Amino acid sequence: MLPEIGALRPWADPSVVALKRLPMHTSSASASASLDGQWVFRLFSSPDAVPTDAVLGSTPVVGAGWTALLVPGTWSMQGVGDGPHYTNVRMPFAGPPPRLPEHNPTGVYRREFSLDQHVEGRTGPLVLTVGGADAVHVVYVNGTLVGYGTDARLPSEYDISPAVRPGRNDLAIVVVRYAAHSYLEDQDAWWLAGLHRGVRLERRPPIRVADVRVTADFDPATRLGSIALAVQVDPGQAPSAGLRVRWWVETPSGARLVPVVEGPVPHEHARAYEFTGFVVDAALDGLRVEPWSAERPALYTCRVELVDALGEVVDSTSRRLGFRRVRVEGNRLLVNGERVWIFGVNRHDHHPDRASAVTVEDLRSDLVTMRRHNVNAIRTSHYPNDDAFYDLCDELGFYVVDEANLEAHAYNRSLADDPRYRAAWLDRGARMVERDRNHPCVILWSLGNESGYGVNHDALAAWIRSTDPSRPVHYEDAIRIEGWQEGGRQVTDLVCPMYPSIDEIREYGESTTGPGGGRPLIMCEYSHAMGNSNGSLGDYWDVITTTPGLQGGFLWEWKDQALRQTLPDGRVRLAYGGQFGDRPHDGNFVADGLVAADGTPHPAMAEVAWVHRPVTVHLDDGALVVTSRRFFASLDDLDCTWELVVDGEVTRSGSWDLPLEAGERRVVPVPVPVPDRGDTRLTVRWTTRSDAWFAPAGYALAWDQVVLRAERIAPVPTGRPVDDLWPDAHTEPRPAVWRAATDNDGVKAAVDGAADLGLGGSTLARWRALGLDRLPAESVVRHEVTTERTEHGVRARHGFEVPADLDDLPRVGVVLEVDPRFTSLRWWGRGPHENYPDRARSAVLGTWTAAVEPCPYLVPQEFGLRTDTSWLELEDPHTGDRIRISTLGEPFAWSATRFGAHDLFEASNDSDLVPGPRLVVHLDAAHRGIGTGACGPDVLPQYRVRPGRYELAYAVSGTAGLGGVHQAPLEQEHRPLVRPD
């Protein structure tokens with residue numbers, strides 16, 4: 001039994017949030033010593049099974065049951081004990097709260113530290129900080145209990161001075177995997193255990209600045225700033241007169257904004273019952289400052305010194321601050337008086353090897369990729385991050401919704417009213433605010449996620465509003481927009497729904513009587529990025545940008561939470577729920593990121609960047625309308641170039657000098673005459689003018705393509721018959737109506753070990769009930785084909801009749817197979833990246849090249865489509881041999897991969913895929929959109945394959961290369977298509 005605490009068993013009592021833990025304070029840079037690195041570790045089956053000698057006596061050495069483990073880290077990811085466990089809604093063990101499982105792995109971390117080595121001989125309190133321990137932790141120094149803490153995502157500090165001794169000291173931290181408080185940490189993420197954030201040691205002065213709270217306001221009407229400062233002093237055990245606080249503020253360049261301000265520290269009070277502590281309050285206004293925003297993150301520094309009666313500085317500290325004002329006025333969320341767009345993402349701490357133990361480099365890498373795709377806002381789903389995250393967001397410029405570590409998803413409607421959990425509810429939200437209140441990046445406080453609504457929310461919202469009225473409060477579950485049902489609207493200043501449909505948000509914006517009373521609507525989660533997803537992003541933003549009260553939202557989610565795994569045969573793969581033997585589990589629902597676990601952007605990120613772009617161009621009455629979507633910064637950091645694209649080829653190009661100010665709209669003429677024939681488009685791009693912190697010079701941040709003349713041309717090549725060049729190089733095209741189902745189509749058999757989440761699935765189930773995955777396409781749709789062999793190749797015309805009872809098919813087209821040596825692709829259509837009918841706004845028409853691609857998704861599924869194509873070339877890069885497929889009618893969609901649809905559908909992990917013996921080429925007359933139906937709206941009606949007649953007409957020809965020398969494009973016979981753009 002654990003000494004001094006085992007009989008109390010606080011991990012089983014939800015009302016106990018901490019023992020001997022110091023009060024939270026605002027984050028600051030301090031001269032602390034890191035205790036990170038290698039510790040010795042031993043795992044026990046439960047906290048009750050930990051013997052006393054595991055935390056007493058000298059630090060053990062590796063061996064005899066003890067192993068070496070790295071901190072920060074989790075034992076689950078270092079090969080010790082139970083592995084990672086993924087559930088989404090369900091708890092990983094049976095309830096009800098606060099019941100705990102008998103098997104409750106408990107780890108004992110041990111190491112030594114030396115006072116001489118770590119605190120440089122100074123006097124004053126010696127404070128140990130446990131940055132994050134999942135789930136709860138107990139701390140011993142030299143066998144003495146020094147503290148117990150809960151909340152895996154906020155630091156806990158303990159004064160260990162009474163327990164230390166000169167020389168070397170023994171430190172033990174006991175981490176319990178599951179606690180009664182785990183019911184409040186039921187996030188959509190891996191269940192892991194261990195010290196996943198750093199451990200630090202700090203010697204603080206005996207008389208010191210205990211905390212500095214700064215409210216830096218900016219009045220957009222006067223363009224002046226003000227500061228309200230509260231400096232809390234710890235005067236030691238014997239408060240005395242003469243202590244003074246002096247402070248000043250430095251500009252971003254280091255100059256002093258105002259002269260030094262000084263004030264005495266209260267040390268006594270005539271009426272003790274009115275004594276408010278050793279706090280110095282001060283205020284300054286009328287300051288000429290540059291406001292902080294995500295576009296212009298101007299950071300000032302507040303420096304504070306504590307001076308004794310002799311004028312000696314006994315302690316000093318500093319805080320970075322930004323002058324800015326956040327308000328909700330009517331249906332607008334305002335930053336510095338402007339109704340900003342929230343181009344947001346939801347972000348978990350995740351690394352494929354270290355899971356939740358992320359480094360500052362990991363954080364910066366995420367932010368770099370976000371800014372490259374025009375993300376300006378982050379919701380810390382669903383817990384506070386490490387201090388370093390907020391420092392980076394302050395510096396680099398991101399709006400942050402800071403979310404309390406509160407998610408009672410499995411008991412979504414009960415714990416919010418449970419008095420046993422009220423202390424934990426308040427403690428988690430209050431400590432987050434106390435730590436992060438100085439950060440200008442934090443624009444909203446969030447009461448947590450998916451925890452229903454109850455009196456515990458009322459209490460927390462009231463405390464936050466009383467303590468920090470400078471920021472609005474956010475909570476999704478308090479107001480529901482479905483059917484205009486209201487809940488606890490008093491606890492949220494926004495309407496922030498999850499996965500609403502486009503019609504729902506439009507209706508809300510247009511309504512004056514809906515829930516929230518006309519408050520701004522910002523989706524806390526939308527467009528679930530699971531696998532091949534994020535359909536209709538452009539449709540969402542069409543409504544957002546044209547409807548009052550709508551200001552954007554946070555995409556779910558930033559990164560696949562897959563974990564690297566070594567298989568028994570030595571192969572290494574990224575794995576998801578259930579692939580570590582975890583039961584129960586929710587499968588690959590954990591792999592729903594815009595980027596892969598290693599940070600590689602998924603194809604949909606191009607669409608994200610486009611809908612978030614900082615400047616737009618459209619054609620209106622023959623002129624170009626250029627609009628800045630920035631609110632505080634000009635476009636001076638961007639270069640603007642244009643290209644005239646005629647029949648897919650760039651014929652002219654140039655640059656523009658368009659120095660738009662924030663929010664400016666300018667009408668400019670088309671830079672060149674429009675040709676009198678051919679499909680003509682103007683592509684405008686905005687690139688970084690010089691190297692930026694997130695990208696090199698020349699990186700494209702915005703682009704638009706406007707149609708100047710909509711006359712698509714059908715080019716017919718004059719090559720040779722394919723059969724003459726490469727006998728047996730291709731098979732006869734076969735009708736195809738099936739695609740390898742996406743995650744949005746439904747949960748496929750390969751991952752059916754997952755629970756039925758009740759999300760998506762109906763589309764795939766219907767398709768399979770119709771036999772689309774196994775029946776020949778000819779038995780599903782009526783198909784006729786006519787072919788004509790000419791001296792230049794083959795011309796084929798396919799007709800498909802989809803009967804009325806087969807509404808909403810995956811695709812309608814043909815599939816053919818060719819020699820896999822054709823690995824280079826060239827086409828005139830939308831590109832260069834993968835695009836689908838409802839995710840093609842970012843893909844512009846032109847002539848593009850690419851290589852045959854691997855599947856970019858963790859769970860194999862349909863991928864690689866390009867739409868609106870006039871011709872496609874398949875080339876052998878070694879010989880220069882080429883096959884060209886050219887439309888004879890409407891543009892087609894195509895994909896070319898080394899995998900058949902059935903191969904993709906049967907594989908459960910991308911590590912299972914083996915390239916087939918042929919290049920599989922799909923040509924589609926129609927292809928279903930992608931949608932976001934794994935969690936959210938399905939494909940919109942206009943992007944579905946409806947009953948009726950479809951035609952696909954094309955010519956196939958070839959040219960022989962000259963031993964790898966690339967040939968000039970084939971000559972073309974031009975003919976207008978049946979349908980203009």
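In this predicted model, the buried residues of helix H4 are covered by elements that include strand S10 (156–159), strand S14 (208–219), helix H3, strand S26 (399–403), strand S27 (442–446) and helix H5 (455–467). Of the 15 residues of H4, 12 are buried, so this helix is largely enclosed by the rest of the structure.

**Helix H4**
- Helix H4 spans residues 422–436, and its 15 residues reach 22 Å from the first C-alpha to the last, which is close to the 21 Å expected at 1.5 Å a residue.
- The buried residues of H4 include Trp425, Met432 and Val433, and also charged ones, among them Asp427, Arg428, Arg431 and Glu434.

**Packing of H4 with H5**
- The axes of H4 and H5 lie 9 Å apart at an angle of about 25°, and that makes H4 roughly parallel to H5.
- The crossing of H4 with H5 is right-handed.
- On the H4 side the contact involves Arg422, Trp425, Leu426, Gly429, Ala430, Val433 and Glu434, which meet Val455, Asn456, His457, Ala459, Leu460, Trp463 and Ile464 of H5.
- Sorted by class, this contact between H4 and H5 has 9 nonpolar, 3 polar and 2 charged residues.

**Packing of H2 with H3**
- Helix H2 (residues 360–372) and helix H3 (residues 387–396) have axes that come within 10 Å and cross at roughly 35°, in a right-handed crossing.
- Val360, Leu363, Arg364, Leu367 and Arg371 of H2 make the contact with Ala388, Phe389, Leu392, Cys393, Glu395 and Leu396 of H3.
- The contact of H2 with H3 has 8 nonpolar and 3 charged residues, with no polar ones.

Note on methods:
Residues are numbered from 1 along each chain as its sequence is written. This is a predicted model: local features need pLDDT of at least 70, side-chain atom pairs count only at pLDDT 80 or more; totals for chains, interfaces and linings use all residues. Side-chain values use heavy atoms; hydrogens and water are left out. Axes are lines fitted to C-alpha atoms, for helices over the stretch in contact, and angles run from 0 to 180 degrees between N-to-C directions. Helices (H or I, at least four residues) and strands (E, at least two) are DSSP runs, numbered from the N terminus. A crossing is left-handed if the near helix is turned anticlockwise from the far one by less than a right angle, and right-handed if clockwise. Contact means heavy atoms within 4.5 Å. The expected span of a helix is 1.5 Å times one less than its number of residues. Buried means under 20% relative accessible area, exposed over 50%, partly exposed in between (1.4 Å probe, protein chains only). Angles under 35 degrees count as roughly parallel, over 145 as roughly antiparallel, 65 to 115 as roughly perpendicular and the rest as oblique.
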